[in-house]
Every structure is written in structure tokens, then in C-alpha cells.
Amino acid sequence: MAYLQILFPLLMAGIAALIKSNKWRPLLLPVAAIPHMGMTLYALVTPKMAYTGEWLQLDPPGKLILLVVSILFLFCSLYAVPYLMHRKERPNRLFIVCMIAFLSTMSLVTWAQHLGLIWVAIEATTLITAPLIYFNHTQFSIEATWKYLLIGSVGIAMALLGTFFMAYASLHAGLDVTLNYATILKNAPHLSKIWLHLAFILLLVGYGTKMGLAPMHTWKPDAYGESPGIVGAIFAGGITSCAFLALLRIYHICCAANEGAYVSKLLLVVGFLSMATAALFMIRQRDLKRMLAYSSIEHMGILVIGLGIGVPALFGTLLHVITNCLTKGVLFLSVGNIHRAYGSKNIDHVQGALRLLPLSGSMFLLGFFAITGSPPFGPFISEFAILNGAFSAQKYLIGSGYLALLLLVFIGMGATVLSAVQGKTPASVTEKKIFRDGLITGAPILGLMALVLLLGVYIPAPLRDLLNDAVRFLGGQ
Amino acid sequence: MTNILNAILVIILVLNLFTLGTSRILTVIRIVAIQGFLLGFLPLLAHNHFSLASILIVLTTMILKAFVIPSMMSQALRDAQIKREFEPLIGILPSIILGALATVFALLFTSHIPLAQEHTGTLIVPSSIATILIGFIIVTTRFKALSQVIGYLILENGIFIFGLLLMGAMPMIVEMGVLLDLFVAIFVSCIIISKINKSFSSMDTRILSSLKE
């Protein structure tokens, strides 16, 4: 199954490269995404299918990430068809090839059980997604792509060094030199401490760069700001989740090596720094997409803080990966529609989105309430579970700091969002009628929103079991 | 074997300093190509064993690092019609001194972390760390986009040197994956550089500063 999930999208990407028609090519996206989704579900329900050898198998955290990113990609692919048809002036061959190939590398990240292979897969996602940022071919998008490529490559190179250090930690301790995840986990208590510490720092920097944790986040507002909304959704929901999975595996190894306390301190520092940076830059942010980029930085911070708190917050953290991923899909896709209708993403021009675009505007507003942790949406449950974890672990200071930052973000983000959706639509925009809400561009957003709402009201039993499995797997109980 | 290994590592360290010491970008590309060629030999010297897999990796490394990547970069350089790195953030002489300090730091650092018995006699760890640091120096202090890519390549070379300690931990497929990723990274960067060059008529990354708060 692993090979199928990795090779099938590659094949589709190859076909996309061969198709000449700019008009029909976008249809390949759902054609690739729907069978991939089917394979994901099949692998999830049939235990036999989740194993393709020692290096490629789905463990509970891998299953979670594969599931959620597949869902996000499916909705994005449905949205992409009308989007790319609307933007038929732009050649979309490279864009579609890279989008579909991302599905392949993403699958590899979730299946891989070898730290070296995980690194290769994450680096591949970096490279395959760089052309996506460049879709608009403007000077700004070149600048954003360059920053992403340079910062991302240097960051991910640190992760490679960290992976090597991890292997050296076994070598130095006289163990078998391997980067096989299961073997390292088994040997973890005997690993050389100093090399493990160094490895963790480098891996945190490396995968943290891809997640967009402060202070390695500088590429993120530029990349998210200059790329189409759909790319933002793939980045903020997909790539960050994949990088988080890689970090999760490293965290797991360190905890198994009884280094939880050391790791937790670093994670908390980076997490709070990210949240604080995001909160600060979100205040008076006038650019909607950049605002969402900072929101993504904030939520990566929340995830890392959740890990830092430890086992009591683990359920919430894993749930938050899912809720964040889906909500980011809602936000970026709806902001993509707003951007197109207004021809701008700056709130100097974007006003009265609720009137001009009743569907996208209201989804954007609801997405804002969801992502800032208002009930009854999914992120409320997961953010609350993390808070609960902090208090039950008797980390009151961390819990209250986290709460204060959440509040700050709510205020900062709220001011920008409200001024975009309320008020009167500028006359210049109403006259032009570049783009109006339609069901085809709206339905994927509605679908994602429905899932976000569902997770806030009720977590389906299979998902709850999967989350509990993952918590048990990582918590070592 | 260890002596030859160390000798090559010393040459690599000296080449690092040369890259800092010249502003002609074509010369830097050539130096890095030589460095890549020498790096290719190291796995054979470090392990004394010649399996088919290891020879395949050695050959791929050499072809990629000594020929393919440098020729891609010199092509990008020709297209851009520039020759030199003007006004780096810090001048040529100070950056050589900085590079030398980085090398000393790497040696000191290595003497403070515990190494496995069989690795204490070689220069692998210090030269790896020194090369990585020098890669960093180039990425951060040079402003031409191509120079930054060269810095990244040197940084990768440093990591490659560290990888010599771990033959066996990285199965061949993963090693090949790493090399493929490196190749694609440089390839994509070169394309973006040519785009930068086309739309800004310059390769200076200081002009890439319109996106900020």
C-alpha cells in the first residue's frame, strides 16, 4: 500500500506533465486525490495494509497525519479546479505537477520509519512546493520563493546534521549504528546523552524551520503572502503537519531516552517565542494572508508547547494538529476567494466582504472564530485540552501564559478580520465584478468548515480511538 | 589510510579558506568543484572496503559534486553576466580571518565532546564542523544569490564529511535520496536565480527586500 500511495501520485504527476490542455489539466488533481483518499482510508481500517516492510509502515501518529493531510488535499483539489479555470491566463502545468507530487512526498513522510528516509521526504516536500509559491510570477513571488528556498534548505540541512548526530549517539554508546526508528526507540535509554542533546537541538532547528517556529519563521509571511490561497492551505495545513510529525518522532525518541525534561524546556521556550512573535506581528496587520501566516506560526507554537507540557497535553496536541489543519484550509481558501474578488489582500481595500461574498466572507469570519479557539469549533476543544493538560500537570505559569497569548492573538487578529468583513464594499470593486461566490468554489470550504464544526461537537469514535492509540504509542503507557 | 584521509581533510579545510578569499565567483565554483572531487574519495579511505554499493555512491558523489552541480552554477553565472562578488557584508580579509577562527573553534569544540575511540585520531569531526560553519559564513555574508547557493553547497559538503563516520547507518537508497535532494535543491535554486536575474536585472539579494512588515 505504501508504494501505491507514493507511486500513484507520481504517475499522475507524470500524466499531468504530458497533458497539453491548460483547461482540462486541473481535473487531474481530484483524479489523483480521490483514489489517494480511498487508499488512506483502506490502509487505516485494514491493519495488514498499514505494513509494507520494516521501513514503510503506518504507526498511529503517522496514520493521523496521513488522514488529515489527505482530507485537506482532497478539499483543496476540488477547490483547485474552478480556481485554475478562473485563472486560465496562467500556465498551470508546473503548478499541478508539483501539487500532485506533493501528495506523494507527503505520503512518504507519514509512512517512513527510518530517520534518514524521513529527512529525504521532508526535503523533497520543500523542493517540490517551492514552484507553487512562484505561481503568480511577480517580483514579489520570486522574492518569497527565494527566501523560502534558501532558509528552508539551510534549515533542513541542519536537520540532516542532527539526524547524523542521532546515529552517532548510538555509535558512541557502542550500539548498532542505525537510523531505524523502532531500533533507536528500543535502544533509546542507552544512547549517548551529549550527542542526543546536540541532535535534538539541530533537529528542532531544522524541522522547526519547516514548521515555521520563531525565530526560524521569517520566510513564512512572505511565502504565504505571495502565493495563491490554495498553496497557503497546503503549506499551513499539510507541510507544517508533516514537519511536526518528524519532530514528534524525535521527541518520542528523546522521551524514551529519559530526556523528557531537557527536551520539554527547549520546546516550551521555542513555543512561547513563536506564539509571542505571532501575537505581536498580528496586531495591526493589514495584509490578510500575512496575518494567516502569523496565525500559522502561532499554532505551530501551540503544538510545540503542547509537546513541552508532556503526556497530559498529548491528546490535545494531536487533536490540535487535525483541527488546525482543517481550519487553516477554511481560512486560506476563503481568503483566496476574497483576494480574487477584490484584487487585493490588504484591508485598506478589502472591506465589506460579508456583503460582496456572503459565502466566503462568512466562512472567513467563522474560520477566524474557530482558529482563535471559540466554541463550538474543533480548535476550541483541542486548545482547551492543552490548557487542561498544563493545569493537570501543575504547570500553572505555562497555562496562564498560554491563555494570555491566546487572548492577545484573538484581539489582534479580530481587529483585522472584522474590518475586512464588515462595512461597505468599495464601489470600485462592486462595479468590476471580477469574481463572485459560487457553489463550486464555496463547497470545499463549506465541507472543511463542517468537519471543523463536527470536531468541536463530537469526535467520531474511530478518530478518538486513533488519537488514544497515538497517545499510548507516544506516551509509552 | 588515516594519514591520507587526514591529509585530504586538511586540503579541504584550506580550500574552504580559499573560497572565502576570492571574490571571483567562477573561481569559487571551481574551488568547490575540487572540494567535491576530493570528498568523493573519502568514503573509500575511511572504510577500506569496496562494495559495489559504496563505489556507486562514491561515483555519484563525484560526478554530482565535481561536475554536474558546478557546471549548472557556471551556466547560471554566464547567463547573469556577472563576475565578482562586490561589497560583501564583510571584506575578503576579515572573512578569511573569520573562517580561520571558525576552524579553530571547530577543533576546540571537538576536543570537548566525547568521540568514539576509533574516531579520535582523525580530523573528520573538526573538519566537518569547520566546513559547515564556513558554509554558514558564506550564506550570510555574501549577497549575490549564486554565492549563497555556493555557501549552501559547502555546508552540505561539511555534513557529508560527518556522514563518513556513519557508513552503514544510512542505507544506499537513503544516501542516494540525499544526493538527489541536493541536486534538485541546487537545480531549483539556479532556476530561481535566473528568474531573479531576468526580472530584477541583478543577482543581488539586497534588492529582494520589498516584503516586510
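Predicted model: local features only at pLDDT ≥ 70, side-chain atom pairs only at ≥ 80, totals over all residues.
Local features are given only where pLDDT is at least 70, and side-chain atom pairs count only at pLDDT 80 or more, whereas totals for chains, interfaces and linings use all residues. Residues are numbered from 1 along each chain as its sequence is written, chains are lettered from A in the order in which they are written, and side-chain values use heavy atoms, with hydrogens and water left out.

**View 1. Overall fold of chain A.** Along the principal axes, the C-alpha atoms fill a box of roughly 75 × 55 × 45 Å. Of the 477 residues, 67% count as buried; buried means under 20% relative accessible area, exposed over 50%, and partly exposed in between (1.4 Å probe, protein chains only).

**View 2. Cis peptide bonds in chain A.** A214(A) and P215(A) are joined by a cis peptide bond with omega about 0°. P215(A) belongs to the loop between α8 (193-211) and α9 (219-226) of chain A. Another cis bond runs from P375(A) to P376(A), with omega near 10°. P376(A) sits in the loop between α15 (358-371) and α16 (378-392) of chain A.

**View 3. Positive phi angles in loops of chain A.** R284(A) is not a glycine, yet has a positive phi of about 60°. This arginine is placed in the loop between α11 (260-282) and α12 (288-309) of chain A, and R284(A) is exposed, at 73% relative accessible area. Q394(A), also not a glycine, has a positive phi of about 60°. Q394(A) occupies the loop between α16 and α17 (396-421) of chain A and is exposed, with a relative accessible area of 59%.

**View 4. Overall fold of chain B.** Chain B comprises seven helices and zero strands. Its radius of gyration is 18 Å, close to the 17 Å that the globule rule gives for 213 residues, so chain B is as compact as a globular protein of that length. The C-alpha trace spans about 50 × 35 × 35 Å along its principal axes, and 57% of the 213 residues of chain B count as buried.

**View 5. Nonpolar surface patch of chain B.** F37(B), F41(B), F50(B), I55(B), L59(B), I63(B) and F67(B) together expose about 670 Å² of accessible area in a nonpolar patch on the surface. Accessible areas come from the Shrake-Rupley method with a 1.4 Å probe, and for residues only the protein chains shown count as cover. α2 and α3 (52-80) of chain B each supply at least two residues of the nonpolar patch, with α3(B) giving the most, four residues. L59(B) lies in helix α3 of chain B and is partly exposed, at 46% relative accessible area.

**View 6. Positive surface patch of chain B.** R24(B), R30(B), K83(B) and R84(B) gather in a patch of positive charge on the surface. Lys and Arg count as positive and Asp and Glu as negative, while His and the chain ends are not counted; the place of a charge is taken as NZ of Lys, CZ of Arg, CG of Asp or CD of Glu. R24(B) is located in the loop between α1 (2-20) and α2 (25-47) of chain B, and at 32% relative accessibility R24(B) counts as partly exposed.

Technical notes
Patch = residues over 30% accessible without salt bridge, like charges linked within 9 Å, V, L, I, M, F, W, Y side chains within 5 Å. Salt bridge = Lys/Arg side-chain N within 4 Å of Asp/Glu carboxyl O. Rg over C-alpha atoms; globule rule 2.2 N^0.38 Å.
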